[in-house]
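Here is a short report on one protein model. Look at the sequence and the fold, then read on.

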Amino acid sequence: MGNKKSSKSEKSAKTPAAPLTAAELFRLPDGPVNLAKVSTERAAGGPADKQAAAAAMPALAEKLAGLQEKLYAQAIGGDRRGVLVVLQAMDTAGKDGIIEKVIGLCNPAGIKLTSFKRPTQEELAHDFLWRIERQVPAPGYIGVFNRSHYEDVLVQRVHNIVPKEIWSKRYATINAFERKLDRSGISIVKVFLHISKQVQAERLADRLDDPTKYWKFNPGDIDERGYWDAYQEAYGAALQRCSTVAAPWHVIPSDHKWYRNWAVAALLAQTLENLAPQYPAATFDVGEQRARLAASLKL
């Protein structure tokens, strides 16, 4: 009897644990955030190399396309749900790469892409969320923010564009805004593409070495490297204070483009799966319409 119990116990102990989901792999843990201690190469799961990532992408692409079509279709039927992907990162971490390699797997007809640049005079005349609220995706769409409302607690903090008493209050304002979006049916996927300072330097050098990439290079990017530590601190504060149940932050290791792209694709696919979108039922008599169509062929 004792031996049998021991055998069962050993068998149970050897049962492999289920692999972590993308949300579990990359969701920001509770507590203080020190980005210097978070890997920029890969997390504790996912593809081990470039070949494995490439092998996984076709299935993810098929899943994304199918789920996105259902999301769009059910909105035609009156469903109010949609998705907003928020991309934040240091320069060269790959925001544009994600848009091309991951969002590009979806049907562009159901994508609303917004790139937020330096605020215009009109935008500066309003509250910092004014220009953001105008770009929230409609039901059925996947909205993508290339930079976002978080610039107002990052750039403005690092460069002292506004005083601390102003930007420090924005965390609570952002949380309230995102709760409102969530309650309206918009699922928020917040992604911080985490890159090392060394890899950023290598990617900037690549742009200088290739005439076809000069257009991507901005001399100001080198100036901003002088504020690296300040940005890491600002990002750490923003991630910690604005990672909520309604809108958690996900930190994506981004030194390897293949891992970064797989991670965001997996996270977006999981988000859509959790929504479980369905094709809407017909609002007409299918048999009747078949008969009408058949009759029309005889005219």
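## Salt bridges and the pocket

A salt bridge joins the side chains of Asp91 and Arg147, at 2.9 Å from N to O. The term means a side-chain nitrogen of Lys or Arg within 4 Å of a carboxyl oxygen of Asp or Glu. This pair links distant parts of the chain, 56 residues apart. Asp91 sits in the loop between strand S1 (82–89) and helix H4 (95–101). Arg147 sits in the loop between strand S3 (142–146) and helix H7 (155–158). Helices (H or I, at least four residues) and strands (E, at least two) are DSSP runs, numbered from the N terminus.

The model is predicted: local features need pLDDT of at least 70, side-chain atom pairs count only at pLDDT 80 or more, and totals for chains, interfaces and linings use all residues. Residues are numbered from 1 along each chain as its sequence is written, and side-chain values use heavy atoms, with hydrogens and water left out.

How many salt bridges does a search of the whole structure find? The search finds nine. Three of them are listed here.

| Salt bridge | N to O distance |
|---|---|
| Asp91 and Arg147 | 2.9 Å |
| Glu151 and Arg147 | 3.6 Å |
| Arg170 and Asp152 | 3.7 Å |

Arg170 lies in helix H9 (residues 170–184) and Asp152 in the loop between S3 and H7, so their bridge ties together parts that are 18 residues apart in sequence. Asp91, Arg147 and Glu151 are linked in a network of salt bridges.

Buried means under 20% relative accessible area, exposed over 50%, and partly exposed in between (1.4 Å probe, protein chains only). Arg170 and Asp152 are also buried.

Now for the largest pocket. A pocket is an open set of points on a 1 Å grid over the protein atoms alone, where a 1.4 Å probe fits, with protein on both sides within 12 Å along at least five of seven lines. Its lining residues have an atom within 4 Å of a point. The volume of the largest pocket is about 1,500 Å³, taken as the space filled by probe spheres set on the points.

The lining has 43 residues. Asp91, Thr92, Lys95, Arg147 and Asp221 lie nearest the centre of the pocket. H4 gives the most to the lining, with five residues. Other elements that give two or more include helix H12 (228–241) and helix H13 (257–275). By class, the lining has 13 nonpolar, 10 polar and 20 charged residues. Asp, Glu, Lys and Arg count as charged; Ala, Val, Leu, Ile, Met, Phe, Trp, Tyr, Cys and Pro as nonpolar; and the others, Gly among them, as polar.

Eight of the eight residues of S1 are buried. Gly82, Leu84, Val86 and Gln88 point one way, and Val83, Val85, Leu87 and Ala89 the other. In a regular strand the side chains alternate between the two faces of the sheet.

S1 runs parallel to strand S4 (residues 186–194), joined by eight bridges. Strands pair if DSSP finds at least two bridges between them. Ala89 has Leu193 as its bridge partner in S4. S1 also pairs with S3 in the parallel sense, over five bridges. There, Leu84 stands opposite Gly143.

H13 is largely enclosed by the rest of the structure, because 16 of its 19 residues are buried. Just after H13, Ala276 takes a positive phi of about 50 degrees.
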